[in-house]
Structure formats: structure tokens, C-alpha cells
Amino acid sequence: MSSPILDAARELGPTIAKRRDRIILGTNLYTDIVADAEKTFAVSLKDLKTEYVDLLYFHQLGDRKVEKAHDADGVFTWILKQK
């Protein structure tokens, strides 16, 4: 599946890799399911050709059950473990 955002990450990845120490890099998560977050995050790191990001955004919070996201097996807890 292709999207403008994913295509941009793939195209920018080689450039980012050469300058990673001089930029602040962020990516997004659009899921509250940990397994999907892990998969999406891994793809982002691969496409961006980096081992870490400086910012990890969790989007569309208004559509999520915030209490569940804070559970021990919730996506917020998983995000904090990525530090």
C-alpha cells in the first residue's frame, strides 16, 4: 500500500541517514493496538533509515479510549517503553 507520507519517508530516508546527527526527527502512530504500533514504528524506522526518532506522535486521540491506552498493555505504556 502506498501513501504520500510513506512515499516521502522512503525517499527522504537516504538523505536523513547522512544527516541524522543534525536533525530532529519525528514519526506518527495512528493506532491504539500495540501490535500495530510496533509494526508501524518498525516500518517507519526502516523507511527513514534510522534506529531512533526524537518525537513519536500518537494521532487521533479523540477517537481512542484513553483509559485503555494507559493500561499496562496499552499503547501509551508501550510508547514510554520506546524511550
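The model is predicted, so local features need pLDDT of at least 70 and side-chain atom pairs count only at pLDDT 80 or more, while totals for chains, interfaces and linings use all residues. Residues are numbered from 1 along each chain as its sequence is written, and side-chain values use heavy atoms, with hydrogens and water left out.

Begin by selecting Arg20 and Asp54, whose side chains meet in a salt bridge at 3.0 Å, N to O. This pair links distant parts of the chain, 34 residues apart: Arg20 is in the loop between helix H1 (4-19) and strand E1 (26-29), and Asp54 in the loop between helix H2 (34-48) and strand E2 (55-58). Helices (H or I, at least four residues) and strands (E, at least two) are DSSP runs, numbered from the N terminus. Arg20 counts as buried at 9% relative accessibility, whereas Asp54, at 38%, counts as partly exposed; buried means under 20% relative accessible area, exposed over 50%, and partly exposed in between (1.4 Å probe, protein chains only).

Next, select Asp21 and Arg22, which form a salt bridge with their closest N and O atoms 4.0 Å apart. Arg22 is exposed, with a relative accessible area of 61%, and Asp21 counts as exposed at 68% relative accessibility.

Finally, move to Thr77, which lies in helix H4 (residues 75-81), and look for its side chain, which reaches the backbone oxygen of Asp71 at 2.7 Å.

Definitions and conventions
A polar contact is a pair of N or O atoms within 3.5 Å; within protein, one must be able to donate a hydrogen and the other to accept it, and residues adjacent in sequence count only if both atoms are side-chain atoms.
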